[in-house]
Amino acid sequence: TIFRGFYSRRYIHDFRARKAYIQNILDKSDELRHQLAANREKIAREEKERKLEESKRNFCKITENLHHLVSTKACPGVYNSPYALD
């Protein structure tokens with residue numbers, strides 16, 4: 001006995017096929033979400049490293065021409081002997 005709507009329920013609006021399709025979409029979206037999170041962490045880490053390198057380079061650029069500000073008291077020279085008492 002074939003009941004009303006058998007063909008459409010069996011082949012067109014198949015519950016199990018739709019359930020498998022939705023599960024497949026959920027699995028792919030979870031995988032994509034994990035990939036995006038890993039990519040976001042990688043980009044953040046690279047940006048942090050880039051900023052650190054830039055700050056080091058900027059610090060070296062600023063301080064490389066400040067040698068004339070160092071006093072001879074800090075760096076003993078010809079006129080203040082390391083053996084002299086202060």
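The structure holds 3 salt bridges, a salt bridge being a side-chain nitrogen of Lys or Arg within 4 Å of a carboxyl oxygen of Asp or Glu. This is a predicted model, where local features need pLDDT of at least 70, side-chain atom pairs count only at pLDDT 80 or more, and totals for chains, interfaces and linings use all residues. Residues are numbered from 1 along each chain as its sequence is written, and side-chain values use heavy atoms, without hydrogens and water.

Start with Arg33 and Asp30. Their side chains meet in a salt bridge, 2.7 Å from N to O. Both sit in helix 2 (residues 15–63), 3 residues apart, so about one helical turn separates them. Helices here are DSSP runs (H or I, at least four residues), numbered from the N terminus. Arg33 counts as exposed because its relative accessibility is 51%; exposed means over 50% relative accessible area, buried under 20%, and partly exposed in between (1.4 Å probe, protein chains only). Asp30, at 33%, counts as partly exposed.

Now move along to Arg50. Glu47, Arg50 and Glu54 are linked in a network of salt bridges. The closest N and O atoms of Arg50 and Glu47 are 2.5 Å apart. For Glu54 and Arg50, the N to O distance is 3.0 Å. Glu54 and Arg50 lie 4 residues apart in helix 2, about one turn of the helix. Arg50 is partly exposed at 42% relative accessibility, and Glu54 is partly exposed at 40%.

Last, look at helix 1 (residues 6–12), where Tyr7 has its place. At 56% relative accessibility, Tyr7 counts as exposed.

How values were computed:
Helices (H or I, at least four residues) and strands (E, at least two) are DSSP runs, numbered from the N terminus.
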